[in-house]
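Here is a short briefing for a first look. Please keep the sequence and the model side by side as you read.

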Amino acid sequence: MGRLEGRCHCGGVRLSVPAEAFGVVACHCGDCQLLHGNFFAMLAVPAQDVQWSGELQPQWYASSAQARRAHCPRCGSRLAKQPNEGGRCLVSVGLFPPDLDRRIRKQVWGDAHPRWYDLPATDTAPPAGASA
């Protein structure tokens, strides 16, 4: 199958993931709210299948005892979250073109969402070509 191509705000960090990446996962945890001002919308990909490129490399840091996160060292775009367990990388869906054929498929930490927004709708039918 093909690959999805994405980039940070300044274009210094680029990435590609398999087109069949699972998505979108919406995380409503407190960390995501603090970092993104809202929920974090991510595509779930096996970590070894994420190809980073561009003139800059992601800057990783331990954001909790359970995960690390990456951002662009120049523009600060939030790029990814990688749990310590499980071997997957959760990359920001905002890095990809807005016509990406994906819908929210899974919500995590939904009980932690703030009162000022309702949980977004979850689509249980995968788009053609996407894996579950």
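Helices (H or I, at least four residues) and strands (E, at least two) are DSSP runs, numbered from the N terminus. This is a predicted model, where local features need pLDDT of at least 70, side-chain atom pairs count only at pLDDT 80 or more, and totals for chains, interfaces and linings use all residues. Residues are numbered from 1 along each chain as its sequence is written, and side-chain values use heavy atoms, with hydrogens and water left out.

**Overall layout**

- The protein has one helix and ten strands.
- Along the sequence, these elements follow the pattern β-β-β-α-β-β-β-β-β-β-β.
- The protein has 132 residues, and 42% of them count as buried. Buried means under 20% relative accessible area, exposed means over 50%, and partly exposed lies in between (1.4 Å probe, protein chains only).
- Contact means heavy atoms within 4.5 Å. Among contacts with a separation of 6 or more, residues 24 or more positions apart account for 57%.

**Confidence**

- pLDDT is the predictor's confidence in each residue, from 0 to 100.
- The protein averages a pLDDT of 84. A score of at least 70 is reached by 83% of the residues.
- Confidence is highest in strand β5 (residues 51-53), at a mean of 97. It is lowest in strand β10 (residues 106-108), at 74.

**Strand residues**

- Ser-92 lies in strand β9, which spans residues 88-92. Ser-92 is buried because its relative accessible area is 10%. Leaving aside neighbours within four places in sequence, Ser-92 contacts Phe-40, Ala-41, Arg-78 and Leu-79.
- Lys-81 lies in strand β8 (residues 78-83). With 14% relative accessibility, Lys-81 counts as buried.
- Residues up to four places away aside, Lys-81 touches Cys-27, Cys-29, Phe-40, Ala-67, Arg-68, Arg-69, Cys-89 and Leu-90.
- Lys-81 and Ala-62 are 19 residues apart along the chain, and their C-alpha atoms are separated by 9.7 Å.
- Gly-23 belongs to strand β3 (residues 22-27). Its relative accessible area is 1%, so Gly-23 is buried.
- Beyond neighbours within four places in sequence, Gly-23 is in contact with Met-42, Leu-43, Arg-102, Arg-103 and Arg-105.
- Gly-23 and Val-93 are 70 residues apart along the chain. Their C-alpha atoms are separated by 8.2 Å.

**Loop residues**

- Ser-77 sits in the loop between β7 (67-71) and β8. At 16% relative accessibility, it counts as buried.
- Not counting residues up to four places away in sequence, Ser-77 touches Cys-8, His-9, Ala-70, His-71 and Cys-72.
- A polar atom of the Ser-77 side chain lies 3.0 Å from the backbone nitrogen of His-9.
- Pro-58 is in the loop between β5 and β6 (59-62). It counts as buried, at 12% relative accessibility.
- Setting aside neighbours within four places in sequence, Pro-58 contacts Val-13, Trp-52, Ala-70, His-71 and Leu-79.

**Aromatic rings**

- The structure holds one aromatic pair. The rings of Trp-52 and Trp-60 have centres 6.3 Å apart and planes at 90 degrees, so the pair is edge-to-face.
- Rings of Phe, Tyr and Trp (its six-membered ring) pair if their centres lie within 6.5 Å; planes under 30 degrees apart count as stacked, over 60 as edge-to-face and the rest as tilted.
- Trp-52 counts as partly exposed, at 22% relative accessibility. Trp-60 is partly exposed too, with a relative accessible area of 26%.
- Arg-68 lies over the face of Trp-60, at 3.9 Å from the ring centre. A charge sits over a ring if NZ of Lys or CZ of Arg is within 6 Å of the ring centre and within 35 degrees of the ring normal.

**Cysteines**

- The structure holds zero disulfides (a disulfide is a pair of cysteine sulfur atoms within 2.5 Å).
- For Cys-10, the closest cysteine sulfur is in Cys-8, at 3.6 Å, which is too far for a bond.
- Cys-10 is partly exposed, with a relative accessible area of 31%.

Definitions and conventions
A polar contact is a pair of N or O atoms within 3.5 Å; within protein, one must be able to donate a hydrogen and the other to accept it, and residues adjacent in sequence count only if both atoms are side-chain atoms.
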